[in-house]
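Me: Please walk me through how to read this structure.
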Amino acid sequence: MPSRLYSHVLIKGLLIALVLLVAPSVVRAQGDEFGDDAVDPFKLFQQGENRLARFQKTRETQDLEEALEFYEEAARLKPEFPEAEYQRGYTLVLLNRASEGEKAYRRAAELRPDWALPRASLGSLLARTGREQEAEPLLRRALELDGENLTALAALAAVRGRAGDKAEAVKLWRRATAVEERAPTLWLARGAAEQEAKDPAAAAESFSRALELEPRNTQARLRRAEAYLDAGDKKSALTDLRNLQDPARRDTQLAIDIAALFDRAGQREEAREILKYVPEEAKRDARFTQLEAALTPVNCDDTPEARAALEKLLASEPRNASLLSCLGQLNRKADPEKALEYFRRAAEIEPRNVSYATGYAASLIQLRRFAPAANILKQVLAVAPEDYPAHANFATALYELKLYKQAIVEYEWIARARPDLAVVYYFIGSAHDHLGEYHEALAAYETFIARADAATNQLEIEKVNLRLPTLRNQIKRGEGKKKGRDDK
């Protein structure tokens, strides 16, 4: 999925971008400290500032090289000049001379121990080059000196996120967006961290803020779509994905990402349409070939010939999740152990596809392993609250576990989703009956009898007709308990 694959790439890119986002304002602030009667080192420093300011507009390397010459001359004439050392380090980093830039940052920090900026920039540089153990104490010290230092906040957030401390990473990104509310890249990084911390609702809000600031930011929209899916808001996710179809024509990776999310949302036809945007030369991409294989329709007919063809195809495409799922469906009743293995493999390949997890749970139910099935289905419904197969299987698992109150909740959801399904009222009635809630049981049984089909529901009809006379007598005698009382 997009956010999981690209979070670290995004944050690393953000740290590089922050070098340009933060430093210009620092340059201007330092330049204001010097008046007209400044001595030569300060005049040289100001010349460097002017060249650096010009670089911010032109992006010409020559401007950087000239700025560096001025800073170095100012530092030579005045060895204890922390501003010149810092700007020299900053310019060296921009010129891809990181080791020299590191030394200049360290010198600036030595010259002014209470200055946060060189420590923040040095820590950020070390974090970007994989020296995170060295970076972290520098970044924390920078934040002690200046709690709103954006470079330190972003770099430390990235360090803690990679260390697995998702809670602190989120906290730091939130501090960063409080310091600079108008930077879409910060909101994008914050949303990615919130996704990693399993807070999709907060992530969607952060991506929305990024889009408010930069409406054409395709990554923010893509990742908001994924966050919506994580939160169970399929409708909003599909709206975002469909709004990305035009830019997907010009961006191969974006097209693959969108197709993967369409597939996850169950919109396989739309996923296949998006993959048509991928040019021939890009179709060797491993993600493309895996997704194309998963989206290729398979003949899932329940015939010996179809099964043999599927097994043969699986030998050449062992990571085709849709193929595994199809074989799982075909074997669920006849060989549930085999079905369980197929669905397990499919879910490992696409762990965020709820249909594979539901198929796995349904196989567990066939094997009468109701408790683990219920646990899985509860998790599925937390991210896909409108998934009908998950509700149907969850209701069965709860009923078989004799958790009748919870089962009734599920059966009532099914009754609202499928009002034409008569048998659901049989199970509602039976669950109430087991709980001793006889009035509710009678109402459900009578609804079932009124709607049931004699051919389809013959067994349940016979059971209800046998039970009704006794049940009515029990109600006349005042037996049973009112709905809502705890079971004894």
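**Pocket and helix packing**

Me: Which helices each supply at least two residues of the lining of the largest pocket?
Reply: Helix 15 (252-264) and helix 21 (354-366) do. Helices are DSSP runs (H or I, at least four residues), numbered from the N terminus. This is a predicted model: local features need pLDDT of at least 70, side-chain atom pairs count only at pLDDT 80 or more, and totals for chains, interfaces and linings use all residues. Residues are numbered from 1 along each chain as its sequence is written, and side-chain values use heavy atoms, without hydrogens and water.

Me: What is the volume of the largest pocket?
Reply: A pocket is an open set of points on a 1 Å grid where a 1.4 Å probe fits, with protein on both sides within 12 Å along at least five of seven lines; lining residues have an atom within 4 Å of a point. Here the volume is about 410 Å³. The lining has 18 residues, and K234, R264, A265, V354 and D387 are the closest to the centre. By class, 6 are nonpolar, 4 polar and 8 charged.

Me: How do helix 2 and helix 4 cross?
Reply: Axes are lines fitted to C-alpha atoms over the stretch in contact, with angles from 0 to 180 degrees between N-to-C directions. The axes of helix 2 (residues 40-58) and helix 4 (residues 82-94) come within 11 Å and cross at roughly 30 degrees. Angles under 35 degrees count as roughly parallel, so helix 2 and helix 4 are roughly parallel to each other.

Me: Which residues of helix 2 and helix 4 meet?
Reply: Contact means heavy atoms within 4.5 Å. F45, E49, L52, F55 and Q56 in helix 2 meet E83, A84, Q87, Y90, T91 and L94 in helix 4.

Notes
Points joined across faces, edges and corners; volume = space filled by probe spheres on them. Nonpolar A, V, L, I, M, F, W, Y, C, P; charged D, E, K, R; others polar. Parallel < 35°, antiparallel > 145°, perpendicular 65-115°, else oblique.
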